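Visitor: I have a structure open and would like to learn how to read it. Where do we begin?

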Amino acid sequence: MKCSYKIPAAGFLVLSAAISVVAGDWPQWRGPQRNGISRETGLLKQWPKEGPKLNWRVTEAGRGYSTPAVVGDRLYLLGNEGLNNEFVQALAVKDGQRVWSTPLGQVGNPKQNPNFPAARSTPTVEGEFLYALGSDGDLACLEIGTGKVGWQKNLRTDFGGKPGEWAYSESPLIDGDALVCTPGGSEATLVALNKKTGEVIWKSAVPGGDEAAYASAIIVEAGGVKQCVQLLQNGLVGVDSKTGRFVWRYGKPVSRYGANIPTPLASDGYIYCASAGTGGGVVKLNVKEGRVEPEQVYFESKFPTAIGGAVKVGDYLYGTTAQALLCTEFATGQVKWEDRALGAASLCYADGRLYLHGENGEVSLVEPSSESYREKGRFAPPDQPKHANEMEKAWAYPVVANGQLYLRDHGTLWCYDVRATK
C-alpha cells in the first residue's frame, strides 16, 4: 500500500532532531542525531591486544537491553528487577555508582514467545529533563538532577496502544517542543505530546492501525515539510510532524518473525530500513506534482537486518546480517565486501572507527573502508552475565561518549577508556 500527501515541491533535508549538548555527549538512542555517529575525536586508532583500559564495571544495573544516554558527569539507563519493577536510573560517569533511581511501572508482556521480558528503551535527555518509556508503555518526564517525575502517561491506557509481542522498545523522540512516540493501534499509531506538560499535540491514526514495532522514530524533511518517519509492524511510514497527518507508507519491510527492530537511517532524501528474516534496502522520497512518493531503490534479503542496526560513513553503509559484517554502497546497494568479523553485532562510529558489540559478547574496533575488512582490535569484556537461554544474546548497542566506551549486557555495565594518549 502506498499513499501520497500533497506538499510544496522543494528539496530534501535530513534533520538531526539533535539535542543541544556538548560534542562528546550521547544524549539519546543512537547518539546526538540518531544515526549511530559520535562527534568524538582524539580516540585510540588501534587497541592493545588485551583491549582498552577498563575504568569500572557495575553488576547491579538491572536487567535489560537499554543503552545508556550520557550527558556530562552522569549516564542514564533503564533496567528492571523482576517483572514488577522497571525503573530509570542515573549513574555517575566516574565510577558507575547509582545517584538516583525512579520506578516507571512493570515489565510489559511478561509471557512473550520467545520469552525475553526486560527493560528495552534508551532514555532521551534534553536540558534539565529526561524522557523514558518503560516496556509496558509507561512514559515519564523526569528531572535529571533528582529523578522526580514531572508528568507521566501510559501508551496503552491513555492512547489505546498496541505493542508487538515483545512489548515497547522505542526510545522517545524530541522534536522542538514535542515528544513523539508510537503507541501503535488504530487510535494513535503515533502521538506527539507537549514535552513540558504531556498534553496531546496530535494523534496520528495511521491507516491499518499497525502495532508498534521495536524501532524508534526519526525526523526527515522532504519538500519543505518535516516528517516523523517510523518503522511499524507493517512497514515504514511518514507522518507530518506538525499535524500527525499520514503522508506515505512503504510496505516492503515487514519481518517474517514479527520483529521490525532496527531504527531507520536517513541521508539526503534516502532512507535505509530493514526487517528481520525479510531483508533491507533503501527508498528515495520523491516529490512528484506536489506529492511525496516513496520509491524503492533496492531491497534484498542479503543486506544488513540484524538487531544491531547500521551506520553510514561517507558513501557506504556498514551493518551486520546474522552471519557477517557488510560494507555496501548506500546509494546503489552494491556489496563491497563482507566478513565474518563478530557475526551479528550492534555498532556505532566515532573518530574514524567503527565500534562493534557482537551478540556473542565480543567487541571489536574496525577501520571503515570500501576495500576490505580492517580490524584494529578485539577483546571480550570480563565476567559476562549468563543469559536466560540459548536464544538470548548480548543485544545492547555500544556507546562512545566523552572518551569512554560503554557496553552493557543485562545487569552488567562496563566503562572503557578509549582516549588516545598524548
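Guide: Begin with the secondary structure. This is a predicted model. The protein has one helix and 33 strands.

Visitor: What does the radius of gyration say about the protein?

Guide: Compare the value with what a rule gives for the chain length. The radius of gyration here is 20 Å, close to the 22 Å from the globule rule for 422 residues, so the protein is as compact as a globular protein of that length. The C-alpha atoms fill a box of roughly 60 × 50 × 40 Å along the principal axes.

Visitor: How many of the residues count as buried?

Guide: Buried means under 20% relative accessible area. Of the 422 residues, 61% count as buried.

Visitor: What share of the contacts joins residues 24 or more positions apart?

Guide: Take the contacts with a separation of 6 or more. Residues 24 or more positions apart account for 55% of them.

Visitor: Now cysteines. How many disulfides does the count give?

Guide: The test is a distance: two cysteine sulfur atoms within 2.5 Å. By this rule there are zero disulfides. Take cysteine 141: its nearest cysteine sulfur, that of cysteine 181, is 13 Å away. Cysteine 228 is in no disulfide either; its nearest cysteine sulfur is also that of cysteine 181, at 10 Å.

Visitor: Are cysteine 141 and cysteine 228 buried or exposed?

Guide: Cysteine 141 is buried, at 2% relative accessible area. Cysteine 228 is buried too, at 0%.

Visitor: Which residues other than glycine have a positive phi?

Guide: Alanine 167 is one of them, with phi near 70 degrees. Alanine 167 lies in the loop between helix 1 (155-159) and strand 11 (173-175). At 1% relative accessibility, alanine 167 counts as buried. Aspartate 351 is another example, with phi near 50 degrees. Its loop runs between strand 27 (345-350) and strand 28 (353-358).

Visitor: Is aspartate 351 buried or exposed?

Guide: Check the value against the cut-off. Buried means under 20%. Aspartate 351 has 18% relative accessibility, so it counts as buried.

Visitor: Let us finish with one residue. Where is serine 255?

Guide: Serine 255 is in the loop between strand 18 (246-250) and strand 19 (265-267). Serine 255 is buried, at 8% relative accessible area.

Visitor: What is serine 255 in contact with?

Guide: Leave aside neighbours within four places in sequence. Serine 255 is then in contact with Asn260, Ser275, Ala276 and Thr278.

How values were computed: Residues are numbered from 1 along each chain as its sequence is written. This is a predicted model: local features need pLDDT of at least 70, side-chain atom pairs count only at pLDDT 80 or more; totals for chains, interfaces and linings use all residues. Side-chain values use heavy atoms; hydrogens and water are left out. Helices (H or I, at least four residues) and strands (E, at least two) are DSSP runs, numbered from the N terminus. The radius of gyration is taken over C-alpha atoms; the globule rule is 2.2 Å times the number of residues to the power 0.38. Buried means under 20% relative accessible area, exposed over 50%, partly exposed in between (1.4 Å probe, protein chains only). Contact means heavy atoms within 4.5 Å.
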